[in-house]
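Please look over the sequence and the fold before reading on. The report below goes from a single hairpin to sheets, cores and backbone geometry.

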Amino acid sequence: MISRGILQQKFRNAIRRWLRSCAAQTSPLSPSPVVSLGNSSYIGFSSQPIVSRYAMAPFSMVNDKLMDLNIPYTIKRSCFSSHALLDLPASGIVSIPLAQTGEGIAECELLKWFVKEGDQVEEFQPLCEVQSDKATIEITSRYKGTVSQIIYVPGDIVKVGETLLKMVVEESQGSNLTSDAPDDMKSMGAEVCDSSIQGSDLRNSNTGGVLATPAVRNLAKQYGVDINHILGTGKDGRVLKEDVLTHAVQKGLCKEPSSLSVNSVEHFQGEEKYSHTLAADGWQYEDKTVPIRGFQRAMIKSMTLAAKIPHFHYVEEINCDALVKLKASFQEENRDPEVKHTFLPFMIKTLSMALSKYPLLNSCFNEELQEITVKGSHNVGIAMATPHGLVVPNIKRVQSLSILEITKELARLQQLALANNLCPEDISGGTITLSNIGAIGGKFGSPLLNSPEVSIIAIGRLQKVPQFVDDENMYPASIMTVNIGADHRVLDGATVARFCNEWKLYIEKPEQLMLHMK
Amino acid sequence: MTISQTRNVGLPLMKLVRWKGVPILQQLHLEEQLLRTSSENWCIINDGTNDPTIVMGISGKPAQLLKLDSVLNDRIPVIRRYTGGGTVVVDCGTVFVTFICNKDAVPGLQPYPQPIMSWSSLLYALVFRGFGDFSLRENDYVFGNHKFGGNAQSITKNRWIHHTSFLWDYEARNMAYLKLPARAPEYRVARDHLEFICRMKDYMPRSVFVDRTIKAVETYFSVRPVQLEAMETNLNSKFSHSTKLLTEQELEAAAFESHFEKGLSHSL
């Protein structure tokens, strides 16, 4: 049994012999005898430059895990012997398990196969149908490849996680590489780059583009390396961070002279460190892909619709001193610990009073039928920012609710919204929307309509600003800026202005509310 | 009509087919065809089917689920449908509601059995609000702990179907064709059929149910009724249906096998 040390020495000698012959520009040597590197055995080295370049590393830099990881793989890749490559298809076989179908189901019955052994399968192609409890479900393929072995037959019960079938997943095809062994050995450095690039190109051409996370792509960009030229060592040929770093190091090595001195090794070491430092930085700028779900998706849909509507915006300032006093007095008289008085319910009620006088703002426009429907109920929607996104539940029939009832209903909707428990009825049927963006901040906003409504009101934050009274006397006043967005196909500036004046009157002089109360 | 249209601007379109008394085999054929060949969203409501029929799930074995002697004697048709789930006896007292949707038709809904089941229960909660103690129990619709609606689904690459048979009314003697199933929900606790199920007519009028269902659907979809004759759907298609009416020979063979096995086990 040859010990590893002796093997390494034999190998090193073989390499040195070859290098000398290379420098003399002679024809390629005959293949060296079979040697073992770790667990891999190779029948021959028809592309010795690559072997030599990497062979140095494990013996001189045993501690460098990075290179250790890379070398056996790279040598394999560069070994243009068909026998060695016969091993590759075995490593290309993937077991496809019965995946979790999004619930706690432990097993399914296999109903039928859509494919058979030997069939070519595309990504997302249906493979089989299973039954779990009440549902029949089509299982589709994650990979593109060939079915190599079907494990179960229709009628079998398959546990979740068990292998359903095995597939040969397409990656670099071994046979393609045989013809590409470079015959001319000009400079070792060039050979290293060329061969690895060739290998990568072939791999790339087979898969049509590399798999890599955005962070890894970013890293490759930082180094100025083409990610498509990098050999991936991850699952399915995925390019990993280590692969990019190794490739960058290789490129650095490529530029080095061919002498295998200690200096070059040190330089290699040095570059390694450098690349590691950069890598650490690289991880900080990771892009993140956010899937569009739930409220976000609804927002995209409704805002896309809103973009088609000709908006105009009307801005007004409202003096809320009286409202501040009113709220304070409500709170003082409040005996119910469940109830917390805020400005919003009063604004909602006064809004409804103004709508009674200007009902056109409480309507819906149907573009197809070119019809305006003036809505009978004042269903006032309140925009709410929840952890799940923007949602607009509405309070139904505000005109028949008291301010206290509105307060309670608002609290109920707010709680449900935060818990993501609103039911469809809560968020449908709105006729006008109020957006209290001032609760978060800002002077005023420029709101977009909540189609098919024709008006929306954004309320800014209450700000204490100096106001003039008659001759130059100043007093502080709580001023709130509102911005009314309106559909110009239905409403004109005059109508909105008058409506706003009416609403402003109720807020600035709450006693007027009593005058019109029924 | 105007009001519902304006409310539904922005919602995905769903075509509504309203039938009454259409044979369940034709309904199932249409459903499967729409699931596999259409790219639109559909709602099919069949208010009662014509003759009493037994409908098993896709992997249903007649000998295990049915009292075959009575079934054969009374010449009750037996269908094996293309969706999973259990066995039901349907007749003119059964109301069928089916949803066939593209996988992204309902925003945020994942195309898996449980999420679809949950979403359907939200929809029906709107329908039954104020009429009974409605809930989704395991995979059934119940009032309290009595089942009145059974569900089944099929999920393909880009679409899914969820259909329900509602027991508005039933005849006790029809239930007698079904054996106690080996696979049953836990809440059933080995109750026999008549103890386990209840009649929807004790809770709400039939037409009210259909109208409220359509209204509930309108909160998710822009509903457009379409006229579709049951007969013409089958004549023109070359589509190969999975739903099959079992022949008398098949049922007899199943009955024979089961008698034979019983005989064998006795002799041993």
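How many bridges join strand 12 of chain A to strand 13 of chain A, and do these strands run parallel or antiparallel? Four bridges join strand 12 to strand 13 (residues 371–374) of chain A, and the two strands run antiparallel.

## Basis of the description

This is a predicted model, in which local features need a pLDDT of at least 70 and side-chain atom pairs count only at pLDDT 80 or more, whereas totals for chains, interfaces and linings use all residues. Residues are numbered from 1 along each chain as its sequence is written, chains are lettered from A and ligands numbered from 1 in the order in which they are written, and side-chain values use heavy atoms, with hydrogens and water left out.

Chain A averages a pLDDT of 72, with 66% of the residues scoring at least 70; pLDDT is the predictor's confidence in each residue, from 0 to 100. Over residues 25–90 of chain A the pLDDT is below 50, although this stretch has 112 contacts in the model beyond near neighbours in sequence, a contact being heavy atoms within 4.5 Å. Residues 253–279 of chain A also have a pLDDT below 50, and there the corresponding number of contacts is 36.

## The hairpin of chain A

Strand 12 and strand 13 of chain A form a hairpin with four residues between them, and A:Gln370 in the turn has a positive phi of about 55°. Strands here are DSSP runs of E with at least two residues, helices are runs of H or I with at least four, and both are numbered from the N terminus; two strands pair if DSSP finds at least two bridges between them. The bridge partner of A:Ser363 in strand 13 of chain A is A:Val374.

In a regular strand the side chains alternate between the two faces of the sheet. Both faces of strand 12 (residues 363–366) of chain A are covered, with A:Ser363 and A:Phe365 on one side and A:Cys364 and A:Asn366 on the other, all of them buried; buried means under 20% relative accessible area, exposed over 50%, and partly exposed in between, with a 1.4 Å probe and protein chains only.

An open sheet of six strands in chain A has the order 11-20-19-18-14-17, with mixed pairing. Its edge strands are strand 11 (311–319) and strand 17 (394–395), each of which pairs on one side only. Strand 14 (residues 380–382) and strand 17 of chain A pair in the antiparallel sense over two bridges, and A:Gly381 has A:Asn394 in strand 17 as its bridge partner.

Helix 11 (residues 321–333) of chain A lies across strand 11, strand 19 (455–469) and strand 20, running at about 95° to strand 20; axes are lines fitted to C-alpha atoms, for helices over the stretch in contact, and angles run from 0 to 180 degrees between N-to-C directions. Within strand 20 (residues 473–487) of chain A is A:Thr481, which counts as buried because its relative accessibility is 4%. Leaving aside neighbours within four places in sequence, A:Thr481 has contacts that include A:Val315, A:Phe444 and A:Ile459.

The largest nonpolar core has 60 residues, among which B:Phe99, B:Tyr124, B:Phe128, B:Phe166, B:Phe209 and B:Phe221 touch the most other members. Such a core is a set of buried Ala, Val, Leu, Ile, Met, Phe, Trp, Tyr and Cys residues joined through side-chain atoms within 4.5 Å. Helix 5 (residues 113–128) of chain B gives the largest share of this core, seven residues, while a second, separate core of 45 residues includes A:Phe346 and A:Leu351.

B:Met117 is found in helix 5 of chain B and, at 1% relative accessibility, counts as buried. B:Met117 and B:His162 are 45 residues apart in sequence and 7.9 Å apart in space, C-alpha to C-alpha. Leaving aside neighbours within four places in sequence, B:Met117 is in contact with residues including A:Lys134, B:Leu136 and B:His162.

## Backbone exceptions

Most residues other than glycine have a negative phi, and most peptide bonds are trans. A:Phe124, which is not a glycine, has a positive phi of about 75° and is partly exposed, with a relative accessible area of 48%. A cis peptide bond joins A:Ser451 and A:Pro452, with omega about 10°, and A:Pro452 has its place in the loop between strand 18 and strand 19 of chain A.
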